[in-house]
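Here is a short report for a reader meeting this structure for the first time. Keep the view open while reading.

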Amino acid sequence: MASPPQLPPADDLYLTAHDTIRGKSLLSPATLGLGLGAALLGELMLWRRIDLVETELLVIDERPTGDAATTALLEQIRREAGQHGVRNWIAYLSTGIATDLVERRLARGGLIKRQEKRGLLGTKISMVPADSMTAGWPATRLRTKVSRDEQLDVADLLLAGLILATGLDQHVLATLNARDRAHLFDQFRRLFPAMLQQLVAHAEAAVGDAVMARRA
């Protein structure tokens, strides 16, 4: 049986951050939103639509990406050029905007579906995976490649970086041993573009700030 296709990093991160059967999130809504916001920005960087210069996002190619979610985000960044730093964009997207964009994209692709469950307190609406194997594939792909010393492409390095930044590695990369993790971090050093390293670092700092705010 052929492996499921590799999805955009934000879609892969969403699937990785949810239970493959019931669709329950492994992260808080805020942390999930921060990770997905950074992932969508990372997609625009991968597709050479924006650059990260110090802390500012610069549009370098205004052409639509062919994807509704990132095209809408690109247009908003273009309209508000120079008004917000990358941390502000990540925080803005984390308010539910990034999660909604990614859920809509996954639903259009038939990878998740809306489920309504009626109870005494009303109807609960959730998004559940359409197929558990496809939902679990991003995490399985990463673990397999790292454990086999295979080289990750830049999109998977972005996915792995955001898994670590959000603390999701405690759930999905827990089986990696010290050698596997050393191999992964070696790939980060050698193969991960500096601009995406900075993006992941901003996402990690934003997650840390959100955790501290909840504890205060």
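## A buried ion pair

Arg105 has a relative accessibility of 9%, so Arg105 counts as buried. The model is a predicted one. Which residue forms a salt bridge with Arg105? The partner is Asp11, and the closest N and O atoms of the two lie 2.7 Å apart. Asp11 is also buried, because its relative accessible area is 4% and the cut-off for buried is under 20%.

Where do the two partners sit? Asp11 belongs to helix 1 (residues 9-16), while Arg105 belongs to helix 5 (residues 97-108).

## Other salt bridges

How many salt bridges does a search of the whole structure find? The search finds 19. One of them joins Arg63 and Asp61, with the closest N and O atoms 2.6 Å apart. Arg63 is exposed, at 53% relative accessibility. Asp61 is buried, at 16%.

Another salt bridge links Asp186 to Arg190, with 2.7 Å between the closest N and O atoms. Both residues lie in helix 9. They are 4 residues apart, which is about one turn of the helix. Asp186 is partly exposed, with a relative accessible area of 24%. Salt bridges can also share partners: Asp11, Glu43, Asp67 and Arg105 are joined into one network in this way.

## A histidine in helix 9

His183 is found in helix 9, which covers residues 178-191. Is His183 buried or exposed? His183 counts as buried, at 16% relative accessibility. Setting aside residues up to four places away in sequence, His183 touches Val146, Asp149 and Glu150.

## The nonpolar core

Nonpolar side chains tend to be buried together in soluble globular proteins. In this model, the largest nonpolar core holds 60 residues. Which of these touch the most other members? They are Leu41, Leu57 and Ile90. Helix 2 (residues 29-46) gives the most to this core, with 9 residues.

Leu57 shows what such a position looks like. Beyond its neighbours within four places in sequence, Leu57 is in contact with Leu41, Met45, Ile50, Asp51, Leu52, Ile77, Val86 and Trp89.

The next residue along is Leu58, in strand 2 (residues 56-59). Leu58 is partly exposed, at 40% relative accessibility. Together with Val53 and Ile60, Leu58 forms a nonpolar patch on the surface. The patch has about 230 Å² of accessible area in all.

Gln76 sits in helix 3, which runs over residues 68-79. Gln76 is buried, with a relative accessible area of 16%.

Neighbours within four places in sequence aside, Gln76 is in contact with Trp89 and Tyr92.

Note on methods: Residues numbered from 1 in each chain as written. Predicted model: local features only at pLDDT ≥ 70, side-chain atom pairs only at ≥ 80, totals over all residues. Heavy atoms only, no water. Helix = DSSP H or I, 4+ residues; strand = E, 2+ residues; numbered from the N terminus. Buried < 20%, exposed > 50% of the residue type's maximum accessible area, 1.4 Å probe, protein only. Contact = heavy atoms within 4.5 Å. Patch = residues over 30% accessible without salt bridge, like charges linked within 9 Å, V, L, I, M, F, W, Y side chains within 5 Å. Areas by Shrake-Rupley, 256 points an atom, 1.4 Å probe, with all protein chains shown as cover. Salt bridge = Lys/Arg side-chain N within 4 Å of Asp/Glu carboxyl O. Core = buried A, V, L, I, M, F, W, Y, C linked by side-chain atoms within 4.5 Å.
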